[in-house]
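Student: I have a structure open here and would like to go through it. Can you take me over the main points?

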Amino acid sequence: MDMLQMKNISKSFPGTKALDSVDFYLKEREILSLLGENGAGKTTLMKVLYGMLHPDTGEIYYKGEQVHLKSPLDAINKGICMVHQHFMLVPAFTVMDNIIVGNEPKSGLFVDEKKAREEVKALINRFNFNINPDTRVEKLSVGEQQRVEILKALYRKADVIILDEPTAVLTPHEVDSLFVILRKLKEEGKSIVIITHKLRETMAIADRINVLRDGKMIETDIDPKKATIHSLSEMMVGRQVALGIKRPAKNIGDVAFKVEHLKVIEDGVAKIKGIDFSIRKGEILGIAGIEGNGQTQLLESLTGLNNPESMKLTLKGKEIKGSADVFLRSGIGHIPEDRLTMGLATEMTIKDNLILGYHKSPSLQRNGILSKKKIRDYSNRCKEDFNIKTPTIDVKAKSLSGGNQQKIVIARTFSHDPEVIIAAHPTRGVDVGAMEYIHSKLLDLRDEGKAVLLISADLDEVRSLSDRILVLYEGRIVSESMPGELSEVQLGLLMTGNRIDEEVEDEIREID
Amino acid sequence: MGDWANILYVVVVSTIRMSVPMILASVGAAFSVRSGIMALGCEGMMIAGAFFAVMGSFFTGSPWMGILFGIVFGIIFSLLHGVLNIRYKVNQTLSGMSVNLLAAAVAPLILQIVWKSKGISPKVASFKKLNIGILEEIPIIGSILAEQNILFYITLILVVVGYYYMFKTPQGLRMRMVGENPVAANTVGINVVGYKYLGVMLSGAFNGLAGAYLSLAQLDMYIDGMTAGRGYIAMVISTFGKNSPVGAMLGSLFFGFFDALQTIFQGGVIPSQIVRTLPYVLTMLVVVFGLKSARNPAGMGKHHDE
C-alpha cells in the first residue's frame with residue numbers, strides 16, 4: 001500500500017522554479033532514496049511534505065486521505081517527521097528536554113519529568129543506544145546527536161521519517177551504524193526517505209531510488225540492484241559524467257615552490273615537526289592524511305596566516321615573508337579549508353566575494369578607486385568561465401548551493417593568475433557535477449604549468465589527481481610515493497601511523 | 001554593640017528596599033532574554049511603569065490602580081520593542097533603545113501637559129508599610145519585615161512562580177527552546193512568535209511593576225530620571241543570574257547590598273557623589289569580569305523563518 005502520495009507538486013521561488021509538477025510516492029516499510037544534485041529540489045520537496053513550505057499547486061495524500069499540511073505541527077501530528085541536515089537540537093538542553101519539547105507529558109501544570117524520563121529511556125533501550133537522557137546535547141558526538149534526532153521522531157510516533165543528508169556529517173563507521181538503525185526502523189514498519197547525493201550509500205541502503213533534477217522528477221522506480229553508479233550519476237547530472245578523472249602530467253618542469261624547515265608550535269604543542277618539500281611547475285602534489293595531523297597548520301603557514309617557528313618559503317627562487325597579503329600578491333592562490341568561514345563573506349554579493357583579497361589589483365580600479373564597471377565585467381566573466389549557476393552576480397553568496405559557492409572561491413583564486421595553488425578540500429560538500437568541474441579546472445591549471453598543492457580528506461581524490469603523494473602523520477611526512485605505487489590500503493596504514501614493511505604487505509596480500 | 005546591630009539592621013532594610021525593584025526588573029529581563037529577545041528596553045519600560053503608575057494613582061486615588069496602570073503601560077512600551085523586533089525584524093539594539101528614548105521623552109512631556117511641572121509630579125496615594133501584626137514580635141526579622149510593604153511579598157511570590165513557570169512547565173520549556181533555537185522550535189510545532197511576544201510582554205509587565213515600585217512604594221511621586229539606569233543594570237543582573245528568576249533575585253540582592261552601602265557611607269569621609277557611583281562601578285566590574293562564564297540563549301535575536 002502507498003503510505004503517501006504527492007501529486008503534481010510545483011513550487012516557485014523568486015527567480016527559480018524549485019519544483020516542477022513533481023509526483024512522488026512512498027510505500028509502507030521501505031527505505032527510499034531521493035537522489036539529486038544540490039539544488040535539484042530534494043529538500044524543497046521534503047519541506048513541502050513536512051509542512052514547512054506550501055506548494056503552489058499539487059495535492060498530498062497520506063494513508064489514503066488528502067491532507068493539507070499548513071505547518072510542521074500538522075505533519076508531526078499525522079506522523080511525518082524530519083531529521084534535518086543541520087540538527088534541530090538545543091545544545092544547552094538535555095537529551096530528554098530536546099526529545100520531549102513540544103509534546104511534553106504533563107502532570108497538572110508541570111512537566112511530568114518522571115514519565116518523560118521513563119519514555120525516553122524506553123526508546124533509548126529499544127535501539128540499544130548508549131545515551132544518558134540527562135546529558136546535555138553539546139556533550140554528544142555528531143553521530144549521537146543524530147540519534148537524538150531520530151529518537152525525537154520516534155517519540156512523536158512517526159510513521160514516515162525523512163532524513164536530509166544524514167551521512168554528510170558522519171564518519172564511515174557512524175554511517176554503518178546509522179544504516180543498522182534505519183533497517184531496524186524499517187522492520188518496525190516505518191517508511192523512510194533519505195535525501196542524498198551520495199551514490200554508494202544509496203546503493204547500499206535503499207530499496208528504491210528516485211532521481212530529481214532541476215526540480216523535475218526524472219525517475220521514481222529505480223531498483224538499486226539494477227542501477228549502476230554511472231547510470232545514476234548520469235540521471236542526476238543529465239549527461240555523461242567522468243568520475244575520478246585521471247590525466248597524467250605531461251610536462252613537469254623545474255621546482256617552482258619550495259618549503260624548508262617548516263615547524264609550527266601551537267599552544268605549546270608541536271603541530272608540524274619540521275617538514276621539507278617542493279612542488280614543480282606543472283605538478284600536483286597531493287597530501288593525504290587524516291584530519292588533525294597538521295593539515296590546518298600547514299595550510300596556514302603556506303598562505304601566511306600563521307607565524308611558524310621556522311620556515312623558508314621560496315617561490316621561483318624568491319623568498320616570501322610577511323603577511324597573508326604579501327603571500328597572496330606574490331602569486332600564492334588559496335582555496336581555504338572551509339568556504340563558509342574562510343572562503344566567503346556569505347552576506348555579501350557574489351560580485352563582492354569575487355574581488356575579496358584582490359581588491360588592490362589595478363585591473364579592478366580606475367584612478368585608485370574601485371571601478372564598478374570593471375568589477376562587473378570581471379565578475380560576469382568569472383560567472384561564465386566558471387559556470388557559476390546564479391541569475392545575477394548581485395545576489396548574496398549565501399543564496400547559492402555549496403557547489404556554486406565553491407566555484408566562487410575557485411574563480412577568484414584562478415582568475416588572478418597564481419603561480420601556486422594551495423587547494424584544501426576543494427570539493428568538500430559539493431555535488432558530482434561541480435566536483436567533476438573543479439577537478440578538471442585543477443588539471444587544466446596544472447597543464448598550464450602551475451604548481452598545485454592538494455590537501456584533501458578524500459583519499460580517492462588525492463589518488464586520482466596527484467602526480468606525487470605525501471602522507472602527513474602527526475606533523476611529519478612519513479611517505480612519498482608516485483600514484484599507483486601504493487594501494488589504498490597501504491596509504492590508509494601510513495595515514496594511521498603504521499609502517500608498511502614486508503610483513504604487513506604479506507598480510508595485506510593474504511587478506512586481498 | 002548596639003551600634004553594630006543598628007547598622008546591620010539599616011543595611012538589611014535598605015538592601016531589600018533597593019533590591020525589590022531590581023529583582024522585578026531583572027526577572028522581567030530574564031523572561032525577555034529566555035524568549036530570545038535582548039532586554040535592552042527595560043529602562044524605558046521601567047520609566048513608563050513609574051510614570052503611569054503615578055498617573056493612575058493620581059486620577060483614581062488608589063495605588064493599586066496605579067500599579068495596574070504601571071503594568072499596562074510597561075506592556076505597551078514592551079510591545080514597541082516586541083513588534084519592531086518580531087514583526088519587522090529590526091535590530092534588537094535599535095528597537096530596545098527606541099523604547100528607552102521614547103519613554104524618556106514621553107514622561108516629561110505628559111508631566112508638562114497634565115501638571116504644568118518640570119520634572120516632578122505632585123504627591124499621590126502610595127503604598128505604606130504593611131501591618132503584619134504578630135509577626136513583628138519576632139526578634140530582628142520582625143522589625144525588618146515591619147519595614148516592608150505589600151509589594152515586597154508580591155515580588156517574592158512572583159520570583160517563585162516565575163521560576164516554576166520557566167523551568168517546570170511545558171510552556172517554560174518551550175519558551176526556552178524558542179530562545180535557544182527558534183528554527184528548531186518551529187520544526188517541532190512550537191508557536192515561536194507567540195512565545196516571543198509572551199516573553200517580551202512579561203518583561204514589560206515586570207519592569208512596569210518595578211517602575212511602579214520606585215514611584216509608589218519607595219516614594220510617592222514621579223521624578224524625572226528616577227530609574228537612574230536601573231533598567232540597564234537589570235539586563236546585566238539577568239545575565240549574571242543565568243537568566244533564571246532565582247538567579248536574578250540573588251544578583252539583585254548582591255547589587256542592592258552595594259546600593260545600600262551608600263546609606264551607611266553617606267556623610268562619612270568619602271564624598272557622597274563617589275559613593276553613589278558604587279552600583280554602576282560594580283556593574284562595570286561584573287560586565288568585565290563576572291560575565292565570562294555566563295551565557296545568553298544561543299538564539300538571541302534570531303528568527304524562525306530565516
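This is a predicted model: local features need pLDDT of at least 70, side-chain atom pairs count only at pLDDT 80 or more; totals for chains, interfaces and linings use all residues.

Student: Sheets, then. What is the strand order in the open sheet that contains β3 of chain A?

Tutor: That sheet has six strands in chain A, in the order β6-β9-β10-β3-β11-β12, with mixed pairing.

Student: Which strands stand at its edges, each with a single partner strand?

Tutor: β6 (80-83) and β12 (216-222) of chain A do, so one side of each has no neighbour in the sheet. Between neighbouring strands of this sheet the average turn is 20°, direction ignored.

Student: In what sense do β3 and β11 of chain A pair?

Tutor: Parallel: four bridges connect β3 (residues 31-35) with β11 (residues 208-213) in chain A. A:Leu32 has A:Arg208 in β11(A) as its bridge partner.

Student: Where does helix α1 of chain A lie?

Tutor: Helix α1 (residues 42-49) of chain A lies across β3, β6, β9 (160-164), β10, β11 and β12 of chain A. The helix runs at about 150° to β10(A).

Student: Now the sheet with β24 of chain A. What is the order there?

Tutor: This is an open sheet of six strands with mixed pairing, ordered β18-β21-β22-β15-β23-β24 in chain A. Its edge strands are β18 (332-335) and β24 (476-481) of chain A, each pairing on one side only.

Student: How many bridges join β23 to β24 in chain A?

Tutor: Five, and the two strands run antiparallel; β23 of chain A covers residues 468-473. Within that pairing, A:Leu470 stands opposite A:Glu480, and A:Tyr473 has A:Arg476 as its bridge partner.

Student: What about the hairpin of β23(A) and β24(A): how many residues sit between the strands?

Tutor: Two residues, and A:Glu474 takes a positive phi near 45° in this hairpin.

Student: Which strands does helix α17 of chain A touch?

Tutor: Helix α17 (residues 488-495) of chain A packs on the sheet and touches β15 (283-288), β23 and β24 of chain A. The direction of α17 makes about 35° with that of β23(A).

Student: Different topic. How many residues of chain B are in contact with chain A?

Tutor: 19 residues of chain B, in contact with 24 residues of chain A. The two chains bury about 1800 Å² between them, and 69% of that is on carbon and sulfur atoms.

Student: Which residues of chain B lose the most area to chain A?

Tutor: B:Leu173, B:Thr187 and B:Val188, which together account for 32% of what that side buries.

Student: How many salt bridges does the rule find across the interface of chain B and chain A?

Tutor: Two. In a salt bridge between the chains, the side chains of B:Lys168 and A:Glu113 meet at 3.9 Å, N to O.

Student: Which helix supplies the largest share of the side of chain B that touches chain A?

Tutor: α7(B), with seven residues. That side of chain B divides into eight nonpolar, six polar and five charged residues.

Student: And how many salt bridges are there over all chains?

Tutor: The search of the whole structure finds 29. In one salt bridge, the side chains of A:Arg126 and A:Glu188 meet at 2.6 Å, N to O.

Student: Where are A:Arg126 and A:Glu188 in the chain?

Tutor: A:Arg126 is in helix α4 (residues 113-126) of chain A, and A:Glu188 is in the loop between α6 (172-187) and β10 (191-196) of chain A. The pair is 62 residues apart and links distant parts of the chain.

Notes: Residues are numbered from 1 along each chain as its sequence is written. Chains are lettered from A and ligands numbered from 1 in the order in which they are written. Side-chain values use heavy atoms; hydrogens and water are left out. Two strands pair if DSSP finds at least two bridges between them. Contact means heavy atoms within 4.5 Å. Axes are lines fitted to C-alpha atoms, for helices over the stretch in contact, and angles run from 0 to 180 degrees between N-to-C directions. Buried area is the accessible area (1.4 Å probe) that two parts lose on being put together, summed over both. A salt bridge is a side-chain nitrogen of Lys or Arg within 4 Å of a carboxyl oxygen of Asp or Glu. Ala, Val, Leu, Ile, Met, Phe, Trp, Tyr, Cys and Pro count as nonpolar, Asp, Glu, Lys and Arg as charged, and the others, Gly among them, as polar.
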